Amino acid sequence: MTPIARGSVLADVLEQHCELIPIANRFGIFLGVGNRTINEICSQNGLSPDMIVTVFNLKIEKLDRLDIYDLQQAITHEKNKKKAIPLYLPDGKSKY
């Protein structure tokens, strides 16, 4: 499986991995993005493209839980810190 990159066209990514649509929605990215890349969309919405790519790749690789420290490292932009991202704890419960 080819990893998602900043230069990936988001519409193509969401077509191939429909399970990412709700995740994109949580960050304020909705369907109808045209042929814009993840980098372009993130720049227009004040999001960190590196964080979005990391979260997408973790989801498609079926990694359902992140170490809290790793997640904090992935979040590099202040606006992203204000978004609700569920953390999956070892007991299977999510924390916002």
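**Exercise 1. Describe the largest nonpolar core: which residues touch the most other members, and which elements contribute to it?**

Step 1. In this predicted model, the largest nonpolar core has 20 residues, and those touching the most other members are Leu10, Leu20, Ile29, Ile38, Ile52 and Phe56. A nonpolar core is a set of buried Ala, Val, Leu, Ile, Met, Phe, Trp, Tyr and Cys residues joined through side-chain atoms within 4.5 Å, where buried means under 20% relative accessible area, exposed over 50% and partly exposed in between, with a 1.4 Å probe and protein chains only.

Step 2. Two or more residues of this core come from each of α1, α2 (21-26), α3 (38-45) and α4 (49-60), and α4 gives the largest share, six residues.

Step 3. In soluble globular proteins, nonpolar side chains tend to be buried together.

Two notes on the values belong here. Residues are numbered from 1 along each chain as its sequence is written, and side-chain values use heavy atoms, with hydrogens and water left out. Because the model is predicted, local features need pLDDT of at least 70 and side-chain atom pairs count only at pLDDT 80 or more, whereas totals for chains, interfaces and linings use all residues.

**Exercise 2. Is valine 13 buried or exposed, and what does it touch?**

Step 1. Valine 13 belongs to helix α1, and it counts as buried because its relative accessibility is 6%.

Step 2. Leaving aside residues up to four places away in sequence, valine 13 touches Ile4, Ser8 and Leu20; a contact means heavy atoms within 4.5 Å.

**Exercise 3. Which elements make up the protein chain, and where is confidence lowest and highest?**

Step 1. The protein chain has six helices and two strands, in the order α-α-α-α-α-α-β-β from the N terminus; helices (H or I, at least four residues) and strands (E, at least two) are DSSP runs, numbered from the N terminus.

Step 2. Confidence is given by pLDDT, the predictor's value for each residue from 0 to 100; its mean is lowest in helix α6 (residues 78-81), at 48, and highest in helix α1 (residues 10-16), at 96.
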